[in-house]
Amino acid sequence: MTPIEAPLVRVLADDGSYAPSADAERYLPLIDALTDAELEQFYRDMVVIRAIDTQATNLQRQGQLALWPPSRGQEAAQVGSARAARTQDTLFPSYREHAVTRIRGVDPVDILKVMRGTSHGGWNPLDAKNGNTRIYTLVLGSQTLHAAGYAMGLTFDGRTGTGDVDRDEAVVAYYGDGASSQGDVHEAMVFAASYDAPVLFFLQNNHWAISVPVQTQSKVPLVGRGAGYGIPSVRVDGNDVLASYAVSRALLDETRSGLGPRAIEAVTYRMGAHTTSDDPTKYRGSDEEQRWAQRDPIARMRAFLEGRGAPASLFDETDAEAADAAEDLRRRAVTLASPERSLIFDHVYSDPHPLMAEQKAWLDDYEASFEGSAS
């Protein structure tokens, strides 16, 4: 059976030349409005987060982390959408949105705390320095329900749809192609559509749900899943940071203005493993990886900037910044201390609870029973 095709919004060709697709025309004014500094920042974001991601992978291989989910190849989708969100927006990541969290202000070391097992959540989502970014969610798709519910609350509280672009709030829910088959995602779309919730469902289709290819997961383009609930949906070249930015900015402005939820399928590719416990050579060939390597989002944006006359110093400075960020990550990661064991009990209930006190006392006695205990 011939696969069903869907229109794709693309601004940059694979070689980085400016070649908007017909479906990109309506978004071009948003791109034209970008300054040189903003365009260069997109590139810096992608290069730096890839260096951080590579360093984190190395740390896991060296026994410093229990697990790491690489984001290599998905930088454009994440950087474009994160830069498109406004300061007041709330973002609900999955567990691979390293670029998104860093752009919003989250310290990458806080992600490592989770992967090292020294923190249950990593960061406080209510701390202003973290840019209204919720913690990572390892349960597939559950964050979309959280996002839809939060967005419904914004409507009920009158914090959206007033026409004030500097005040009205919206929500972004990040998830992947595998999660798009989870019931939670579909339930979230039902509620979001029914209540006109100001949420953008941002699907990163990286083509592999661990070892299951996207063509097995769905016989039609995933962009149709949101459309099936009456949610206006757009398919974007997820390796084109300009397309990701422009479409995300346009759809977020629409949903925060009271027009209801929106959805994006960002077509990208996971260049590395699903996590560091995975071996992608067991289920996909190098020919596929090489084809997608020719669409590398960083090389594409660099070629575009070079074509605009960006100086060589920009790329040298960016490489230096990336190397410094990666080294800083390593330096601080290897010195992370284990938390007090009482932390296991501290946040199970909001108020003191006798069962927690009993279990904490039991653990203290158990630990003290070992020969050589400091107790």
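I take buried as under 20% relative accessible area, exposed as over 50% and partly exposed as in between (1.4 Å probe, protein chains only). This is a predicted model, so to speak for the record: local features need pLDDT of at least 70, side-chain atom pairs count only at pLDDT 80 or more, and totals for chains, interfaces and linings use all residues. Residues are numbered from 1 along each chain as its sequence is written, and side-chain values use heavy atoms, with hydrogens and water left out.

Aromatics next. I found twelve aromatic pairs in the structure (ring centres of Phe, Tyr and Trp, the latter by its six-membered ring, within 6.5 Å; planes under 30 degrees apart are stacked, over 60 edge-to-face, the rest tilted). Tyrosine 43 and phenylalanine 315 make an edge-to-face pair, at 5.3 Å centre to centre and 90° between the planes. Tyrosine 43 sits in helix α2 and phenylalanine 315 in helix α13 (residues 312-333), 272 residues apart. Helices here are DSSP runs (H or I, at least four residues), numbered from the N terminus. Tyrosine 43 is buried at 2% relative accessible area, and phenylalanine 315 is buried at 2% too. I also noted one aromatic cluster, formed by Phe156, Phe191 and Tyr195.

Then helix packing. I looked up α2 (residues 36-61) against α3 (residues 75-84): the angle is about 130° and the axes are 10 Å apart, with axes fitted to C-alpha atoms over the stretch in contact and angles running from 0 to 180 degrees between N-to-C directions.

Notes:
Helices (H or I, at least four residues) and strands (E, at least two) are DSSP runs, numbered from the N terminus.
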